[in-house]
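Look over the structure before reading on.

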Amino acid sequence: MKSKENQKEIVKKANKSSLIEDAWKRLLRNRLAVLGMIMLALLVLVAIFAPIIAPFDPVKIHFGDEGVPPTWWGPEETEQSQPAAVEEESTVQNNQQSTTDQGSWTSGESEQENKQAQSGSDSGWSSGSEPATEESQSSGGSSTGSWTSSSDSSTSDDAFKQDTTQGQTGKKASDRQRSDNFYLLGTDQMGRDLFSRIVYGARLSLMVGFVSVGISLFVGTFLGLVSGFYGGKIDTLIMRFMDILLSFPYILLAIFIVAILGRGLPNAMIAIGIVGIPRFARVVRGQVLSVKEEEYVMAAKTMGANNFWLISRHIFVNSLSPLIVQTTMSFATAILNAAALGFLGLGAQAPTPEWGVMLSDARSAMLTAPWIITFPGIAIIFSVLGFNLLGDGLRDSLDPRQKR
Amino acid sequence: MLRYIIKRLLYIIPVLLIMSFLIFGMVDLIPGDPAQIMLGQHVSEEALEAARERMGLDDPFLVRYGRFLTDIVRLDFGESLISKRPVATVLKEKLPATIELSTFAMIYALLVGGLAGVISAWKQNSIFDYISITIALFGISMPIYWLGFMLILFFAVFLNILPTAGRLAAEIDPASLQTHFYLIESLVTGKWEIFRSAAKHIILPGIALGTIPMAIIARMTRSSLLDVLRQDYMRTARAKGLKFRDVFVHAIKNAAIPITTVFGMQFGRLMAGAVLTETVFAWPGMGKWLLDGILQRDFPVVIGATLTVTFLFVLVNLVTDLTYSLLDPRIKY
């Protein structure tokens with residue numbers, strides 16, 4: 001009796017849940033996929049709330065704070081008292097030697113109290129207080145020598161527009177010294193807050209993902225649908241062309257397209273998008289070829305459905321599963337390749353807080369300030385890993401026939 | 001079989017023709033006047049005009065393409081606009097560097113990745129399995145140039161046991177070698193001093209370059225082995241009383257085809273993927289050369305290098321296809 005009820009319940013449940021629900025449930029059972037989703041959610045949140053999360057303007061140069069290591073970085077974090085003369089020298093030389101650097105940083109602390117008195121809370125960690133901090137500094141005519149750059153109005157975010165309205169409050173280079181700003185991940189060799197740059201870089205990476213995957217998705221799907229559905233000469237023509245595109249090594253083709261279109265992030269996104277088209281076309285075409293032989297397509301055809309209806313209502317929706325997986329995976333590739341183009345100097349350009357550009361910039365200071373080159377790479381791995389984990393999980397969950 | 005090989009080799013010719021047309025066309029689309037690049041900024045309009053005339057830049061596209069084709073058939077790639085050296089000569093220096101590097105990288109990838117994949121599949125869900133899956137996942141998610149920097153920081157700076165860049169130590173004169181296959185030639189001729197230096201220099205870039213293929217091969221090996229082990233004939237073999245070890249050896253043979261495919265594709269891709277690694281390690285190979293060519297708009301270099309790389313790519317794919325019949329006797333051509 002009981003077992004019968006159970007059975008009924010199971011049947012009921014089975015009828016209730018749709019295919020998508022099933023896939024979703026399977027996805028949630030996959031721990032790695034959930035981890036990937038959490039990572040991506042984090043990435044998206046960071047990207048959306050970048051102005052709130054980032055303590056500083058990502059392109060603002062904090063003069064005197066060049067190459068500050070994170071407070072928790074490395075063994076050189078020992079307290080050292082250094083004469084003031086050494087401090088001055090080392091700040092001018094930026095980060096020639098991290099030990100001297102460290103010395104100047106710690107000896108600079110002696111002036112912290114002095115500055116605190118001048119400019120109120122200068123920690124600048126919560127971003128809400130940051131512009132106010134800047135203003136109080138400038139109104140104080142501060143002798144602390146904290147410059148605010150007035151040149152990057154185009155790239156700075158609204159929240160930081162106030163920076164540009166300020167005059168230069170600093171003094172000569174020899175007067176520059178460490179501010180007592182708190183830099184979670186330190187600053188780069190130009191004196192820009194690394195954490196803020198990475199946070200803003202998340203926006204760029206996601207944008208690259210959406211735009212370039214969007215291009216490959218739309219064009220590739222269209223070509224794949226047409227190719228698979230109509231077959232014949234159109235199919236041969238399209239797919240041979242796709243084969244040729246595929247036989248160029250991925251990064252090489254992207255470099256070529258950027259060289260033709262000109263450098264810059266928008267063109268890099270277009271290039272990555274174009275390079276990704278053949279993969280989508282192949283996946284969709286393969287799926288269409290198998291779906292169009294199904295009986296329900298034949299049934300719709302006998303009922304008088306035209307080609308547009310057949311493609312959009314029957315064939316396309318039933319080809320979605322591998323397309324979703326391909327899309328997720330393509331995000332990972334797109335982010336990696338955009339960073340690679342940025343690194344080679346072909347993608348986003350210098351002050352932009354793009355992760356690849358940051359890695360390229362950090363090369364010159366690699367030996368003296370290794371944290372600058374470490375963190376952007378970790379950021380790239382984090383986001384790419386997220387997409388790869390989710391993609392793997394989706395592949396398993398969308399194809400229930402595949403045993404795990 | 002022989003017929004098939006000949007057929008495939010002949011098939012390369014139209015492919016290369018289309019490729020050369022596309023490459024020539026794409027390079028032609030890159031903005032920049034070769035005459036201007038060759039002569040520099042401060043030249044008179046007359047001199048530019050004369051150079052254009054001499055180089056035939058004013059001819060229609062198809063005429064220039066035709067001339068280019070007749071040149072490359074004789075393996076004449078022209079000369080660099082900037083260094084003025086013949087592209088074919090530079091190619092002879094750059095190509096061996098890249099071939100050595102990518103071969104080393106692929107051997108590393110196949111050994112480490114293949115072994116990790118096999119053990120993962122054998123001891124599925126063991127700790128080793130989890131560790132190697134995790135490493136493989138990181139491997140495919142990592143920018144290789146970043147990995148290169150990390151390797152330099154750890155092995156060259158922190159431990160100080162390996163050099164950071166280049167192919168040979170500065171005190172060794174490359175002219176003492178006949179070819180540009182430093183590693184292979186010094187090994188064959190027994191110049192151990194040079195061999196040790198060359199080997200030391202190739203380790204870090206080789207690992208950096210080979211990591212993505214390594215990760216992909218590890219994943220592929222594991223999943224295709226697991227696929228094969230689930231087949232009915234495997235269960236039958238086990239049911240008949242064969243030991244797992246014996247069954248496993250069969251499985252490796254059957255899983256070899258997808259692994260070979262991945263191996264071939266990755267190897268072909270490495271030839272060009274070396275752009276990033278060669279930039280990081282200042283490796284004087286094709287990738288760095290090609291990138292510099294594009295950045296400086298040195299068109300003959302770009303065409304020559306790209307054509308060579310794509311040719312190698314097509315060739316590796318052909319060899320991959322041919323290996324199938326060796327691995328699986330059912331595949332007959």
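## Helices α1 and α4 of chain B

In this predicted model, Ser20(B), Phe21(B), Phe24(B) and Asp28(B) of α1(B) touch Phe61(B), Tyr65(B), Phe68(B), Leu69(B) and Ile72(B) of α4(B). Sorted by class, the residues of this contact are seven nonpolar, one polar and one charged.

How do the two helices lie? The axes of α1(B) and α4(B), the latter spanning residues 61–73, are 11 Å apart, and the packing angle is about 125°. The two helices are therefore oblique to each other. Their crossing is right-handed.

## Helices α8 and α9 of chain B

Next comes another pair. Helix α8(B) covers residues 182–189, and helix α9(B) covers residues 192–229. Their axes come within 9 Å and cross at roughly 150°. An angle over 145 degrees counts as roughly antiparallel, so α8(B) is roughly antiparallel to α9(B). The crossing is left-handed.

From α8(B), the contact uses Tyr182(B), Leu183(B), Ser186(B) and Leu187(B). From α9(B) come Ile194(B), Phe195(B), Ala198(B), Ala199(B) and Ile202(B). Eight of these contact residues are nonpolar, one is polar and none is charged.

## Where chain B meets chain A

How many residues does each chain bring to the contact? Chain B gives 30 residues and chain A gives 29.

On the chain B side, several helices supply at least two residues each, among them α1 (2–29), α11 (244–280) and α13 (299–327). The largest share, six residues, comes from α11(B). By class, the chain B side has 23 nonpolar, five polar and two charged residues.

Note on methods
Residues are numbered from 1 along each chain as its sequence is written. Chains are lettered from A and ligands numbered from 1 in the order in which they are written. This is a predicted model: local features need pLDDT of at least 70, side-chain atom pairs count only at pLDDT 80 or more; totals for chains, interfaces and linings use all residues. Axes are lines fitted to C-alpha atoms, for helices over the stretch in contact, and angles run from 0 to 180 degrees between N-to-C directions. Helices (H or I, at least four residues) and strands (E, at least two) are DSSP runs, numbered from the N terminus. Angles under 35 degrees count as roughly parallel, over 145 as roughly antiparallel, 65 to 115 as roughly perpendicular and the rest as oblique. A crossing is left-handed if the near helix is turned anticlockwise from the far one by less than a right angle, and right-handed if clockwise. Two residues are in contact if their C-beta atoms, placed from the backbone, lie within 7 Å. Ala, Val, Leu, Ile, Met, Phe, Trp, Tyr, Cys and Pro count as nonpolar, Asp, Glu, Lys and Arg as charged, and the others, Gly among them, as polar.
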